[in-house]
Structure formats: C-alpha cells, structure tokens
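Visitor: I would like a guided look at this model, one question at a time.

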Amino acid sequence: MIPSVLPTYNRAPLSFVKGEGAWLIEADGRRFLDLGSGIAVNALGHAHPALVQALTNQASNLWHVSNLYEIPQQQALADKLVGNTFADTVFFTNSGTEACELAVKMARKYFYEKGEAEKVEIITFDGSFHGRSSAGIAAAGSEKMTKGFGPLLGGFVHLTFGDLDGVTNAISDKTAAIMIEPVQGEGGIRPVPDAELKALRQICDDNGLLLILDEVQCGVGRTGKLFAHEWAGITPDIMMVAKGIGGGFPLGAVLATEEAASGMTAGTHGSTYGGNPLGCAVGCAVMDHVADPDFLAEVNRKAGLLRQKLEGLIAEHPEVFEEVRGSGLMLGLKCKAANIDVVNAGYDNQVITVPAADNVIRLLPPLTLTNEDIAEAVTRLDQAATQVESA
Ligand SMILES: *Cc1c(COP(=O)(O)O)cnc(C)c1O
C-alpha cells in the first residue's frame, strides 16, 4: 500500500522535534550536530532569536496579502538585496525551482523584446541541479531526474562541466544564455574555478549572451562572501537565490540587472505567495545578519578552521576519505568508502551530513556554528569514520 506521504524520498528513521543553533533534538531526546542545515537552508541555525522575532511579529500582524497590493516587507527586502549586490531589481518566489523558471523566462523574453526571438537556448552543465520543475529538470538534464517525464522543455544545451572550449563551440544564433552554479551542490561540491567564471563572463560579453548564476545553494554567505560569484570578481545578469535567504522559511528570489529584466513588464509573470509578508520579514532579518562584513569575516575564519581540521581527519582515515573541497562553509568530503555508509555512520554518532553525487558527503553547517561545534563536528566525524573502517 502506498504510504500516505508520497514516497519520493528515502528517509532516515529520524524525527526531529526541536532545533537550537547547530543542534537538532530527536523525539527520543538525543542531540544531533547538524552539518546539513536542511540542505544549506538554516543559514543562521535553528531558532535564531532574530528570526523567531521577525516571524512571530509579522505573524501577529498580517500573514498574507496578494501582490495586487504593495507589500512593505517585500520592498524592504528587495532594497537590501539591490543595495548589496549587482542587481537592480528582484522578483520573489517560494523556492529555488521557481527561481529557475523565472530565470529561463526572463532570458527568453529579453531577446524576444530585442527582436531576436530565435535566441532561446540556454547552455548548462552536467552535474548541475536547478530544481525539480519541468524547466529545472530539463535544464540539468540528467537521466536520473528526467527519465519518464518527457516531453521535456526544449532549448537546453548540456555540456561537460569545465569544458570552456565546448561552450565556445556550442554558441550559435540560437544561444541566449549560460546557466551555471558557481559551486555545484548536488553535483558533489564542485567549485567552478574563478578563472573559469571570469572566462564565462567574457564569453557572454563577447557574444551578447546573458550569464545566469544559480546561487540557490552557494549564495547568502555560504562561501564566505554574500554571493559566491564575488570571489571571481564578476557579476551575472540574472541570479537565482533561495535556500539560505529564508533561513528556513520558504523563500526564493530572482535578482537581475535592469537590462536583463527589461522584458518583464506588468502581467508577464506572477506568484500568489511569492514575496509574502511572512517570508520577506524573515528574509530581511537574514540579510541584516549575513550581509554584515563582520559576520562574513567570521564565516571565513570558521571555514578555515573547519577545513584545516578536516584535512587532519582525512589524513587519519585515508580508507574512508579522499579529499576536502568546496568554498567557505560549503564543503564536500570526497569518500573512498560509500558516501551513504559514512552518512549513516554519522547518524549513529549523532552528526548530520548530506550525501551528494560523485561519492561526496556535504558539510553545510549553519553559518553561526561555534568553535566548540567545529571541534565536536570533527570528533563525531572521526568516530563515524572509525565505525566505517571497522564495519
Ligand atoms: C536546491 C536547489 C535548487 C532547487 O531549489 P528548491 O527550493 O528545492 O526548488 C535549485 N538550484 C540549486 C543549485 C539548488 O541547490
């Protein structure tokens, strides 16, 4: 008999009832150190007082009005995002995959309005993840996500990750944009080198293409900059954001330059819930913390400390781990043992990690994790690795 919850997930037999900072408390009382943050969502950890206050204040005043009216919290969050990034304008969504939908529509509409309606193709890369909507799965293109769901949305050209020559060769009269994650998340924490992001920006400029960055996982302070592309010293034309921006409340956004957004006039796109007062009140509180240079400096300091300790862990468990990679507090441990065995051994030792492709386990802790949490993380990962070795 089919479970009452549609069984699209293989769930671990864990049921958390409370969160405190980087810690999750299981129904049986056990405390787990959360190095997953709900897959890079709880950027300020669990039950952060500022977020609890922002949400409960807003909840006692007004939950929802439609986008037919002005929404001050939405305006405030848009102003913060515009003030801190390349963007001139923002559209709010409830998720990353909805941000992908709009990014694709916006790019196509831009060329349509320019009188270049033939420019519809978007270049993407293997190992990428852009969400589970029809556009999202077609954009990523992997068989795992698309099989059985055809006919797929057309207009995506899939290239090998890191193949710059392939990009140049793939550009035609039909090409509209390049879409890429600055650090692949689901693909196994694969960072795009700064030089390559710069080259992609240059290719877009030389060919009149739009650069769409998917910062749904790597954005919002995760890599130690507010947005990951800042490390490369480039800016996109369109950027997808979600996950961390709501700190656990469902919220996403598409950020764009005035030029790239120029086709999106009144009536061309919409969302019932996107940008609602609850989500935007929380988003403002997240931004007030994460956009603070002192906060980001702390993220970088802690990332350096964690990474250094992980190098030691790898040296002690060469049968289990191969390397650490990633950026800031978006780290991947490439495993020699099966990554799922390491994740499960982590559960036994009350530390939560997230599996990814390429036999990697992801460490995406709350950006607020403490020095003590870091020490505890390494202790527990060490115990998990020892357990895997003796299995
Ligand atoms: C999670 C993710 C998405 C999809 O976001 P949802 O909120 O799950 O729809 C898109 N792109 C990237 C890079 C992601 O990590």
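**A helix pair and a pocket**

Guide: This model is predicted. In it, the axes of helix α11 (residues 339-348) and helix α12 (residues 371-390) come within 8 Å and cross at roughly 120°.

Visitor: Is the crossing of α11 and α12 left-handed or right-handed?

Guide: Handedness describes how the near helix is turned from the far one. For α11 and α12, the crossing is right-handed.

Visitor: Which residues in α12 meet α11?

Guide: On the α11 side, the contact uses D341, V342, A345, G346 and D348. By class, the residues of this contact are four nonpolar, two polar and two charged. The partners in α12 are A384, Q387 and V388.

Visitor: Now the second largest pocket. Which element gives the largest share of its lining?

Guide: The pocket has a volume of about 750 Å³. Of its 29 lining residues, the closest to the centre are N67, Q74, V90, F91 and F92. Elements that give two or more residues to the lining are α3 (72-84), β4 (89-93) and α4 (96-113). The largest share, five residues, comes from α3.

Visitor: How many charged residues are in the lining of that pocket?

Guide: The lining of the second largest pocket has 14 nonpolar residues and 13 polar ones. Its charged residues number two.

Terms used:
Residues are numbered from 1 along each chain as its sequence is written. This is a predicted model: local features need pLDDT of at least 70, side-chain atom pairs count only at pLDDT 80 or more; totals for chains, interfaces and linings use all residues. Side-chain values use heavy atoms; hydrogens and water are left out. On a 1 Å grid over the protein atoms alone, a cavity is a set of points where a 1.4 Å probe fits but cannot get out, and a pocket is an open set with protein on both sides within 12 Å along at least five of seven lines; lining residues have an atom within 4 Å of a point. Grid points are joined across faces, edges and corners, and a volume is the space filled by probe spheres set on the points. Helices (H or I, at least four residues) and strands (E, at least two) are DSSP runs, numbered from the N terminus. Ala, Val, Leu, Ile, Met, Phe, Trp, Tyr, Cys and Pro count as nonpolar, Asp, Glu, Lys and Arg as charged, and the others, Gly among them, as polar. Axes are lines fitted to C-alpha atoms, for helices over the stretch in contact, and angles run from 0 to 180 degrees between N-to-C directions. Contact means heavy atoms within 4.5 Å.
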